[in-house]
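Please consult the sequence and structure as each answer is read.

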Amino acid sequence: MAPTSTICVLVLAIALFFPSIVFSGDAGVNYGRDGDDLPPPKQVIDFLTDEFKYKISLIRVYDANTDILEALSGTNLVVTIGVPNEAIAYVASSQEAADKWVQDHITTYIAKGVIFRYVCVGNEAIPGIVASFIEPAIRNLYTSIRIKAGIDYIFVTTAVGLNVLRESYPPSQGQFGPNVAQIMNNLVQYLYSIESPLLINVYPYRALVTEPEHISMDYALFQSQTPVVRDGNFEYYNLFDAMVDAFVAAMARVVGSDNFKLVVSESGWPTVGREPYSSVKNARVYNNNLREHAIVTGRTPRKADINMEVYISSMFNENFKSAEDEQCFGTFYNNFTQVYPLWCP
Ligand SMILES: *[C@@H]1O[C@H](CO)[C@@H](O)[C@H](O)[C@H]1NC(C)=O
């Protein structure tokens, strides 16, 4: 692992000299608010754009809350905004409903200087009770944003977890599970046709705690010095790449090529909850290696053109989440000091 400072200098140099280009890869942060002891949105966004300027440029928020959107107005942060699961059926119900949602949450705030990149319809909502509304909601939002409002730089998509895959090992065997195959096949075809990436949530930590007898800590933490899995022509030194490439294989089965886009909308490691897997040390090692992998390597063994874009979970610990380890993915304390060195010093 290269020292964090090397990465920081590299990123800063690129950001200063080429402020508008898309990098080979980048790592942003997920700003979840599922807790009752978090600082107010304005304070969080002010911190990221003032004291912490240039260190994090990509941010994902899960709700389209007015306080957050107001706080993001006029900042340089590039924003992924969620359509919450409970709003999906409404947005899917008619073109007028989608137009109104876009007017209230997107175009109003573009006028106030918010830079949006992805509109993410639901988070891990497939399978689930709103799963069948996701594609109609994306179609309506695409029409509202791209066709009616003429905004050509925002991509409409959804985020899925590893539970949509039946097989993920070896990576080339990746395929969607029978329970979601019809929804995923149609959705992936549609996203491909509109050139939207699929957003995927990738947690080697969860695979490790589920199958510790089959997975080594080094492989999960990007610390293996030798390939752990050989799959055809590809060698895998880390589980993260293997998981991403399992999604690549599943999507390639549907569209008949590898020529589609993927974004890692969540990944991270908890500091507390399930020792020995969760720990401050493991979270520090995983997230630093993940960030370096995204920025410096920027690809998986199978997918050279992925321009790896990763959103690290998360900004803060969130005490309303269910399991203790789920609550403890935070990389900042509520007073904005880092839990461990991760983002540039
Ligand atoms: C911030 O909060 C953490 C956790 O409560 C604490 O350990 C640390 O000392 C605090 N830092 C400052 C500067 O107050």
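The questions and answers below concern this predicted model.

Q: Which strands form the closed barrel, and in what order do they run?
A: The barrel is closed and has eight strands with parallel pairing. Neighbouring strands of this sheet are turned by 25° against each other on average, direction ignored. The order of the strands is β1-β2-β3-β4-β5-β8-β11-β12.

Q: In β2, which residue is the bridge partner of Asn 30?
A: Strand β1 covers residues 26–31, and strand β2 covers residues 58–61. These two strands pair in the parallel sense over three bridges. In β2, the partner of Asn 30 is Arg 60.

Q: At about what angle does helix α7 run to β5?
A: Helix α7 comprises residues 181–193. This helix lies across β5 (155–160) and β8 (198–201). Its angle to β5 is about 150°.

Q: Does Tyr 54 count as buried, partly exposed or exposed?
A: Tyr 54 lies in the loop between α2 (41–49) and β2. Its relative accessibility is 49%, and exposed would require over 50%, buried under 20%. Tyr 54 therefore counts as partly exposed.

Q: Which residue is joined to Glu 275 by a cis peptide bond?
A: The omega of this bond is about 5°.

Q: Which residues are around the ligand?
A: A polar side-chain atom of Asn 335 lies 2.4 Å from an oxygen atom of the ligand. Taken alone the ligand exposes 360 Å², of which the protein buries 32%. The residues around the ligand are Tyr 333, Asn 335 and Thr 337.

How values were computed: Residues numbered from 1 in each chain as written. Predicted model: local features only at pLDDT ≥ 70, side-chain atom pairs only at ≥ 80, totals over all residues. Heavy atoms only, no water. Near = heavy atom within 4 Å. Polar contact = N/O pair within 3.5 Å; in protein donor to acceptor, adjacent residues only side chain to side chain. Areas by Shrake-Rupley, 256 points an atom, 1.4 Å probe, with all protein chains shown as cover. Pairing = 2+ DSSP bridges. Helix = DSSP H or I, 4+ residues; strand = E, 2+ residues; numbered from the N terminus. Axes fitted to C-alpha atoms, helices over the stretch in contact; angles between N-to-C directions. Contact = heavy atoms within 4.5 Å. Buried < 20%, exposed > 50% of the residue type's maximum accessible area, 1.4 Å probe, protein only.
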